Amino acid sequence: MSESADLIITHADIRTMDSRQPRAEAVAIRDGRIVAVGSNEDVERLANAGTRRIDAQGRLLLPGLQDTHVHFQLSSADLYHNASLYDVATVDELLARIRAFAEQHPNKPWIRGVGFSPSIFGPDVLTKERLDSVTGGRPALIFATDYHNGWANSAAFEIAGVKPGSPDPENGSYVRLPDGSPKGWLVEDAIWAMNRVAPGYTSDEYLEAMRHYSKEFNRRGITGVLDAMVNRNYMQNYQASYERGDLTVRVRATSKIFAHKPLDEQVAELIDLRRTYHGDRVSLHSAKFFLDGVLENGTAALIEPRADTGGNAELMFTQAQIDEYFAAFDREKFQIHVHTIGDGAVRAAVDGIEHAMRQNGKWDSRHQLAHLQVVNPADIPRFRSLGILANFQTLWAQPHEEADAIMNAMLGPERACWAYPIGEFIRQGVTCMVSSDWGVTTYDPFQILQTAVTRQKLDARETDPAHTPQHRIGIDDALRGYTINAAHAAWREDCTGSVSVGKYADLIVLDRNLYDISPYEIAGTQVLLTLLGGEEVHRDPGFDG
């Protein structure tokens with residue numbers, strides 16, 4: 001306590017997320033780290049003539065938020081360089097948006113877009129001919145919001161060689177007409193097969209987009225991310241962005257594992273990536289598995305068949321592969337990060353993690369399952385007993401007429417009541433994170449936090465319908481899912497995630513106290529100040545603290 005601070009923040013309502021000292025008034029920072037947390041009087045003792053001061057004016061101060069399931073680099077590029085379609089509600093509006101983008105960018109070799117709703121628009125509506133009508137003969141590839149469905153035009157299919165008799169990619173399909181020609185709609189890995197044919201982004205395009213969205217994330221209080229699907233090129237770009245001084249979020253990353261590629265080669269690649277990228281600002285630490293798809297296109301894997309058709313989707317890895325691959329990466333001390341939508345995929349993942357633990361013994365693995373749209377209640381206690389983390393995208397847990405109709409028909413009433421059951425997970429003592437899956441939906445944490453608490457639409461009143469309201473959670477649990485639990489999931493709670501002595505001064509000051517306001521006001525929150533390692537990376541022009 002004898003050395004002076006570079007910066008002190010006083011007169012704050014600090015919720016530290018540290019159980020040893022839950023509340024405080026002030027914090028002192030030196031060399032980017034927290035050196036004191038306590039009363040205004042205690043922290044003032046560390047100030048001298050050269051100390052910078054911030055008066056929080058009674059505002060809520062929290063650890064910086066961390067989004068532990070986000071496609072930061074890909075979505076930055078997709079949103080920055082392509083047509084944004086997230087808010088379109090009619091076919092005419094969709095086509096007009098794409099036509100306008102094509103006209104504004106006459107030199108782009110491909111027309112690209114992202115964000116149409118697969119619940120509103122389906123394969124019978126989004127045909128290749130409709131896309132042909134607004135793309136002027138140039139090839140076009142459009143992603144749905146979920147990145148599990150896509151739409152392409154005739155020129156794109158011709159370049160990709162998709163025609164009657166051509167094969168579908170493994171774990172994907174082209175919706176076809178009776179003669180075998182493509183209809184226009186792409187499912188699962190067919191999207192990525194088409195994406196490989198289209199020209200990719202240059203490194204400079206990725207870096208430009210990440211520079212922009214780093215600041216946008218800071219503006220919403222986010223200081224750390226876990227990129228849920230990277231490759232070697234992405235890691236090179238992250239490191240380059242950091243070295244340029246443009247990357248103002250901390251990045252942990254997970255690399256996708258494929259069922260059709262040799263296991264030994266993939267393990268060796270991740271070992272090399274982890275060895276190469278292991279800094280506290282850019283690092284790779286986990287292996288990503290997709291075990292199923294999504295409910296909307298029927299590719300989610302369920303324990304029991306669908307209630308409406310009696311059908312089901314197969315897992316994208318066999319259970320034998322899951323056991324073998326999970327055990328191999330667990331043996332090399334990689335965290336396993338799993339996409340699981342249906343309860344069948346959830347159970348297969350939990351079984352695989354349990355198999356890995358039997359083979360290798362327990363360690364501080366922090367394996368995590370993401371999405372968890374449908375969970376069999378019998379599997380929830382296994383998360384706690386096996387130490388599995390649960391990663392929820394709570395914005396999805398609000399009423400959505402089209403998507404809910406699909407889900408309810410597929411699952412029936414008994415299973416549908418176990419949709420996004422974060423409340424029950426927390427009641428049973430499972431460590432839960434709250435995250436976005438951007439660009440599937442917004443990265444705005446305050447919209448996501450509000451939905452976690454209300455399970456209602458963002459413009460709802462208290463009496464309006466709620467989605468499975470029995471799984472609501474309180475604001476403190478929701479914030480822990482974005483701070484200390486998120487840091488734990490990203491293997492960096494030793495240096496981030498709480499306002500604690502010794503940790504980096506990744507801090508945010510808000511314009512309202514989330515603990516005191518109505519839950520229906522959370523989404524309107526503005527971030528007045530964001531610090532990363534004690535340095536200002538965002539300040540609201542109206543904040544004079």
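## A tour by selection

Select Arg274 first: Arg274 lies over the face of Phe334, at 3.8 Å from the ring centre. A charge counts as sitting over a ring if NZ of Lys or CZ of Arg is within 6 Å of the ring centre and within 35 degrees of the ring normal. This is a predicted model, in which local features need pLDDT of at least 70 and side-chain atom pairs count only at pLDDT 80 or more, while totals for chains, interfaces and linings use all residues. Residues are numbered from 1 along each chain as its sequence is written, and side-chain values use heavy atoms, with hydrogens and water left out.

Next, select Arg33 and Tyr504. The charged end of Arg33 sits over the Tyr504 ring, 3.9 Å from its centre.

**Helices α2 and α7**

Show residues 72-81, helix α2, together with residues 203-219, helix α7. Helices (H or I, at least four residues) and strands (E, at least two) are DSSP runs, numbered from the N terminus. The axes of α2 and α7 come within 8 Å and cross at roughly 100°, which makes α2 roughly perpendicular to α7. Axes here are lines fitted to C-alpha atoms, for helices over the stretch in contact, and angles run from 0 to 180 degrees between N-to-C directions. Angles under 35 degrees count as roughly parallel, over 145 as roughly antiparallel, 65 to 115 as roughly perpendicular and the rest as oblique.

Which residues in α2 and α7 meet? From α2, pick Phe72, Gln73, Ser76, Ala77, Leu79, Tyr80 and His81; from α7, pick Glu205, Tyr206, Glu208, Ala209, Met210, His212, Tyr213, Ser214 and Phe217. Contact means heavy atoms within 4.5 Å. By class, this contact of α2 with α7 has nine nonpolar, five polar and two charged residues. In that scheme Ala, Val, Leu, Ile, Met, Phe, Trp, Tyr, Cys and Pro count as nonpolar, Asp, Glu, Lys and Arg as charged, and the others, Gly among them, as polar.

**Aromatic rings**

Rings of Phe, Tyr and Trp (its six-membered ring) pair if their centres lie within 6.5 Å; planes under 30 degrees apart count as stacked, over 60 as edge-to-face and the rest as tilted. By this rule there are 25 aromatic pairs. For one of them, select Tyr201 and Tyr206: the ring centres are 5.3 Å apart and the planes are at 75°, so the pair is edge-to-face. Tyr201 is buried at a relative accessible area of 18%, and Tyr206 is buried at 8%. Buried means under 20% relative accessible area, exposed over 50%, and partly exposed in between (1.4 Å probe, protein chains only).

Now select Phe72, Tyr213, Phe217, Tyr238, Trp438 and Tyr443, which ring pairs link into a cluster. Stay on Trp438: a cis peptide bond joins Trp438 and Gly439, with omega about 5°. Gly439 is found in the loop between β21 and α15.

**Helix α15**

Continue to residues 445-454, helix α15. How many of the 10 residues of α15 are buried? Nine are, and the helix is mostly covered. The buried residues are Pro445, Phe446, Ile448, Leu449, Gln450, Thr451, Ala452, Val453 and Thr454.

Select Arg366, in the loop between α11 (343-360) and β19 (368-371). Phi of Arg366 is near 55°, a positive value in a residue other than glycine. Arg366 is buried, with a relative accessible area of 9%.

On to the loop between β19 and α12 (380-386), which holds Leu372. Phi of Leu372 is near 50°, again positive in a residue other than glycine, and Leu372 counts as buried at 0% relative accessibility. Asp379 is in the loop between β19 and α12 and is buried, with a relative accessible area of 2%. Not counting residues up to four places away in sequence, Asp379 touches Ile303 and Arg347.

**Two last stops**

Select Asp189, in helix α6 (residues 189-197). Is Asp189 buried or exposed? Asp189 is buried, with a relative accessible area of 18%. Leaving aside neighbours within four places in sequence, Asp189 is in contact with Pro169, Glu170, Asn171, Gly172 and Lys256.

Finish at Gly429, in the loop between α14 (422-427) and β21. Gly429 counts as partly exposed at 38% relative accessibility.
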